[in-house]
Amino acid sequence: MTQRLRLKKNADRRLKAGHLWLYSNEIDIAVTPLKGFEAGAQALVEEANGRAIGVAYVNPNSLICARVVSRDPSLRLDRSLLVHRFKQALGLRQRLFDKPFYRLIHGEGDLLPGLVIDRFGDVLVVQLNTLGMDRLRDEIVDALEKVLKPRVIVLRNDSSGRRLEQLEQGVEVVKGEFDGEIELEENGVRFRASAVEGQKTGWFYDHRANRAWLNGLVEGQRVLDVFSYVGGWGVQAAAYGASQVVCVDSSARALEAVAGNAELNGVAERVSTLESDAFEALAALKAAGEQFDIVVLDPPAFIRKRKDIPNGERAYGRLNREAMRLLGRDGLLVSASCSMHLAPERLVDLVRGAARHQDRHAQILFDGRQGPDHPVHPAIPETAYLKALGVRVFRD
């Protein structure tokens with residue numbers, strides 16, 4: 001590797017504090033012009049005095065123009081280092097879980113920025129979200145083959161991150177025969193989903209611990225699961241003894257999967273579905289005089305960029321207000337957000353505001369985050385994105 005990426009004076013502080021990202025305004029372009037780099041290539045990162053402090057892959061066309069892949073200037077992110085990182089990540093998951101259903105690689109949290117891998121037994125679903133990772137596609141597949149020898153490897157290259165990096169979109173099975181259906185178990189409940197047509201990799205492991213908390217409180221309760229997708233919350237609630245569950249989603253295909261997953265767990269008679277926009281469904285249920293003991297709100301990210309914060313916060317506030325109107329006198333609300341740009345204290349504030357709007361009291365019983373197979377990088381706040389509040393909502 002001959003190319004060097006020189007930082008401006010004092011621009012190495014975040015890197016030395018542990019961060020993995022470099023922004024284009026931190027580069028000394030007089031010494032190392034960004035336009036001189038091939039997009040996706042790896043380069044030595046240097047302090048202003050020329051001392052090498054790591055290796056990064058570079059995308060001169062992105063605001064985050066480089067992502068660090070090694071602190072050791074003598075290493076490169078190649079098949080050998082990938083095998084090492086995959087083994088490190090696998091060792092952690094095997095300590096955490098007794099069955100092979102988890103996020104195996106969580107990007108920066110596992111020191112592999114731009115790479116996400118979810119494991120469903122002998123099926124691996126891979127997202128190459130950056131140009132630097134896309135260029136390493138063959139090495140990644142080879143390294144996974146060496147470490148895990150999976151039956152199937154699927155590349156879900158249709159993420160919003162790839163669009164930002166101007167990469168082609170598509171889904172490709174690069175190993176094995178595959179009909180698209182994944183099977184998994186979470187908190188003792190079985191699920192099927194589509195790794196080809198479903199959201200993200202087909203499943204969201206990040207709420208596992210939050211669902212486990214709720215599962216202990218659902219027996220005999222009437223539960224509404226809003227933005228249900230394939231029933232992660234709702235079907236688990238039924239399996240743990242909820243008397244009735246209504247799953248709401250705008251996708252007919254997702255609700256077909258809810259019905260199938262309810263059948264799979266022997267709880268079909270207690271799970272019903274409603275195909276609708278979430279806000280319209282909440283209004284219609286209220287108009288019909290429906291009440292629930294528990295309402296789960298697990299919406300998609302309403303705030304994708306900083307500029308979306310005002311509108312997104314209004315949407316979260318309205319959603320929580322409408323949900324609380326469906327709770328009985330002493331109900332439980334699970335209010336979640338996967339928006340990285342929504343601060344945890346703002347979600348608390350929005351829930352508080354929603355309760356006061358209904359002239360009710362709120363008690364926060366549970367403050368959940370993403371599971372440990374989605375490790376947070378302590379220097380990168382953006383890796384701590386998931387929030388889930390368990391809130392008792394009651395009247396005097």
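Buried means under 20% relative accessible area, exposed means over 50%, and partly exposed is anything in between. Keep that handy for the exercises below, and remember that the model is predicted.

**Exercise 1. Cysteines**

Solution. 
- Start with the cut-off: a disulfide needs two cysteine sulfur atoms within 2.5 Å.
- C247 is in none, since its nearest cysteine sulfur belongs to C338 and sits 18 Å away.
- Now look from the other end. The sulfur closest to that of C338 is in C247, and 18 Å is too far for a bond.

**Exercise 2. Overall shape**

Check how the radius of gyration of the protein chain fits with that of a compact globule of 396 residues.

Solution. 
- For 396 residues, the globule rule puts the radius of gyration near 21 Å.
- The protein chain has 23 Å, which agrees with a compact globule.
- Then look inside. Buried residues make up 54% of the 396.
- Finally, take the contacts with a separation of 6 or more: 62% of them link residues 24 or more positions apart.

**Exercise 3. Folding elements and surface**

Count the helices and strands of the protein chain, then describe its accessible surface and its charges.

Solution. 
- The secondary structure amounts to 11 helices and 19 strands.
- The accessible surface is about 17400 Å², and carbon and sulfur atoms account for 48% of that.
- On the charge side, there are 55 positive and 53 negative side chains. The centres of these two sets are 6 Å apart.

**Exercise 4. Placing F394**

Find the strand that holds F394, decide whether F394 is buried or exposed, and list what F394 touches beyond its sequence neighbours.

Solution. 
- F394 belongs to strand β19, which covers residues 387-394.
- The relative accessible area of F394 is 17%; with the cut-off at 20%, F394 is therefore buried.
- Leaving out residues up to four places away in sequence, F394 touches R329, D330, R360, H361 and Q363.
- Pick D330 from that list. F394 and D330 are 64 residues apart along the chain, yet their C-alpha atoms are separated by 4.4 Å.

Key: Residues numbered from 1 in each chain as written. Predicted model: local features only at pLDDT ≥ 70, side-chain atom pairs only at ≥ 80, totals over all residues. Heavy atoms only, no water. Helix = DSSP H or I, 4+ residues; strand = E, 2+ residues; numbered from the N terminus. Rg over C-alpha atoms; globule rule 2.2 N^0.38 Å. Buried < 20%, exposed > 50% of the residue type's maximum accessible area, 1.4 Å probe, protein only. Contact = heavy atoms within 4.5 Å. Areas by Shrake-Rupley, 256 points an atom, 1.4 Å probe, with all protein chains shown as cover. Lys, Arg positive; Asp, Glu negative; His and termini not counted. Charge placed at Lys NZ, Arg CZ, Asp CG, Glu CD.
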